[in-house]
Structure formats: C-alpha cells, structure tokens
Amino acid sequence: MGNRPHTTVILAMSADGKIADVTRSPARFGSKADKIHLECQIATSDAVLFGAGTLRAYGTTLTVSNPKLLQQRTQGGKSFQPVHIVISHSGNLDPESPFFAQPVSRWLLTTAAGADFWAKKSHGKISDSVRFEEILVFETSMGIIDISTALQHLSTLGITQLAVLGGGELVASMVELDLIDEFWLTICPLILGGATAPTPVEGKGFLAPLTPRLQLVEVHTVEQEVFLHYRLDR
Ligand SMILES: NC(=O)c1ccc[n+]([C@@H]2O[C@H](COP(=O)([O-])OP(=O)(O)OC[C@H]3O[C@@H](n4cnc5c(N)ncnc54)[C@H](OP(=O)(O)O)[C@@H]3O)[C@@H](O)[C@H]2O)c1
C-alpha cells in the first residue's frame with residue numbers, strides 16, 4: 001500500500017448494480033440502516049473523497065451527526081468532522097451549492113487549470129469563511145490529476161483513513177491505479193436498469209484475466225438490504 005491512506009469505497013447500489021438512475025439523479029434509494037452504515041464509515045475516516053459529479057448530483061455532503069460517533073471521534077483525537085475533499089479536473093463547481101454552507105472543512109483536488117477556473121468562477125461569490133480551505137494541485141505531465149501523489153501528500157498531513165464516496169468515475173480511476181483497499185457495497189431491493197445508468201466502477205473496464213479480485217470479508221443483511229464488505233485480494 002505504500003505511504004498513502006487506507007482507502008474504503010462505500011456505495012449503495014440497486015440489485016442490478018446501478019448507483020443511480022439513468023438521469024444520474026441523487027441516489028436516495030438506500031434505507032435508514034444504509035444511511036447509518038454510511039455515517040459510521042464516514043465517522044471512522046480522517047477524510048472523505050468524492051467526485052465533482054457526485055457533488056453536482058447531491059449538492060451537499062453527508063456529515064456526521066450522531067452524538068455517539070462525534071464523541072468517539074473527539075475521544076480518538078480526530079476533528080469533529082472529517083475533511084471533505086472534492087476531486088474535479090475542471091474546477092467547474094457551483095459556488096452557490098449548499099455544500100459551501102455545510103460545517104465541514106472543504107478541500108479541492110484539481111489541476112492547475114481547474115484551480116484557475118474555480119478561482120475565477122467563485123470570485124466574489126463565496127465568502128472566505130466557507131471557501132475551500134485547501135486547493136491541492138497534483139497533475140501528471142499528461143495534465144490529469146495525479147491521485148497517487150495526492151494520496152501520499154494526504155498521508156503526510158495525518159490522513160490515514162480515507163472514505164471514497166463515489167461516483168463510478170472516481171472509483172474507476174482509483175481501482176485502475178490499485179489505490180483502493182476495501183469496498184462496502186449495499187445491495188438495495190430495486191432494479192434501476194438503463195445501459196448508461198452509473199455503476200460502482202465506470203472507466204474503460206478490465207479484461208477478465210487481468211481484473212482486480214476481491215476477498216469477501218463479511219456480509220450481513222438488515223431487513224431487505226445486503227451489506228457486502230470486500231477487501232482487494234493482492
Ligand atoms: N449510490 C451511491 O452510493 C452513490 C454514491 C455517489 C454517487 N452516486 C451517483 O453517481 C453519480 C455521479 O457519478 P459520476 O459518474 O458523475 O462520477 P463522479 O466520480 O462523482 O464524478 C465525475 C467527475 O468527478 C471528477 N473526477 C472524478 N474522478 C476524477 C479523476 N480521477 N480525476 C479528475 N477528476 C475526476 C470529474 O469532474 P470535472 O467534470 O469537474 O472535471 C468528473 O467529471 C450521481 O448520479 C450520483 O447520484 C451514487
């Protein structure tokens with residue numbers, strides 16, 4: 001794993017493996033138990049990472065609100081909330097999104113062009129108290145975000161547990177670079193269908209002989225939902 005945070009993907013999907021419907025509307029099909037599960041996973045993290053598409057879909061991020069979980073965080077020496085990191089190549093985010101009013105530390109992981117775009121777009125539209133606290137620019141010579149180096153940087157800042165909250169594009173880019181350690185997938189009792197509806201891992205896909213393999217760590221069922229916990233088999 002090297003010098004980077006331990007990474008866990010947490011996603012809810014339909015029984016046919018879709019994380020949203022074809023219109024990419026916010027996925028709100030999980031039960032209360034699934035939301036509690038997600039909140040618990042977020043509460044054990046130092047930071048959460050999600051794609052700009054996920055932020056555009058929801059407009060907000062899930063914060064820890066359960067008093068017991070908040071107490072456990074402070075007793076464990078963690079900040080009240082994990083840092084919420086958005087990854088965006090373009091930097092084209094909505095400064096009026098309710099995300100910017102949420103009581104969390106916000107960081108942006110982007111390219112140099114993305115940082116410039118965001119600076120211009122947000123200028124005068126966002127107050128100092130709610131803007132991104134950190135803008136992390138990590139770019140390869142190909143002009144794409146260098147997630148591996150960015151993760152190493154996060155680890156130097158004391159981020160050892162990173163929750164990856166989707167969507168499929170972000171997860172694919174990290175699986176391709178072997179940067180994911182665990183998956184929590186909740187199978188919810190509905191069918192979303194649709195050839196273009198997003199799935200947990202998008203990208204170009206893997207050829208069967210070369211595909212990353214998983215080990216099932218645990219599985220439990222709560223009412224109609226199945227919670228699957230996998231570890232990457234290395
Ligand atoms: N069921 C669930 O648990 C769950 C969880 C999360 C999301 N979702 C659903 O997933 C959908 C959103 O997913 P999505 O496919 O749009 O994926 P996404 O990964 O959230 O967003 C894609 C965008 O994020 C940025 N991005 C992601 N990976 C990047 C990388 N490696 N380097 C640079 N930028 C990167 C890019 O932003 P720019 O375009 O700004 O460059 C890209 O266009 C929504 O419908 C949402 O409801 C479901």
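Helices here are DSSP runs of H or I with at least four residues, strands are runs of E with at least two, and both are numbered from the N terminus. With that, Leu 170 sits in helix α6, residues 168-176.

Two notes on the model. Residues are numbered from 1 along each chain as its sequence is written. This is a predicted model, in which local features need pLDDT of at least 70 and side-chain atom pairs count only at pLDDT 80 or more, while totals for chains, interfaces and linings use all residues.

Back to Leu 170: buried or exposed? Leu 170 is buried, because 26 other C-beta atoms lie within 10 Å. The cut-offs, with C-beta atoms placed from the backbone, are 20 or more other C-beta atoms within 10 Å of a residue's own for buried, 12 or fewer for exposed, and anything in between for partly exposed. Leaving aside neighbours within four places in sequence, Leu 170 is in contact with Phe 50, Gly 51, Ile 87 and Val 164. Contact means that two C-beta atoms, placed from the backbone, lie within 7 Å. From Leu 170 to Ile 147, 23 residues apart along the chain, the C-alpha separation is 10.0 Å.

Now the core. The largest nonpolar core has 49 residues, and Leu 49, Ile 85 and Val 164 have the most contacts inside it. β1 gives the most to this core, with five residues. Such a core is a set of buried Ala, Val, Leu, Ile, Met, Phe, Trp, Tyr and Cys residues joined through C-beta atoms within 7 Å. Not counting residues up to four places away in sequence, Ile 85 touches Ala 47, Val 48, Leu 49, Trp 107 and Leu 109.

Next, helix α1, residues 32-43. In α1, His 37, Ile 42 and Ala 43 are buried. The buried residues of α1 pack against β2 (47-51), α3 (67-75), β6 (161-164), β7 (182-188) and β9 (225-232).

The ligand. Of the 30 residues around the ligand, those that come nearest are Ala 20, Gly 51, Gly 53, Gly 166 and Gly 167; a residue is near if its C-beta atom, placed from the backbone, lies within 6 Å. β1 (6-14), β2, α2 (52-58) and α6 each supply at least two residues of this shell.

Last, a contrast. Gly 193 is in the loop between β7 and β8 (214-222). Why is Gly 193 exposed? Because Gly 193 has 11 other C-beta atoms within 10 Å.
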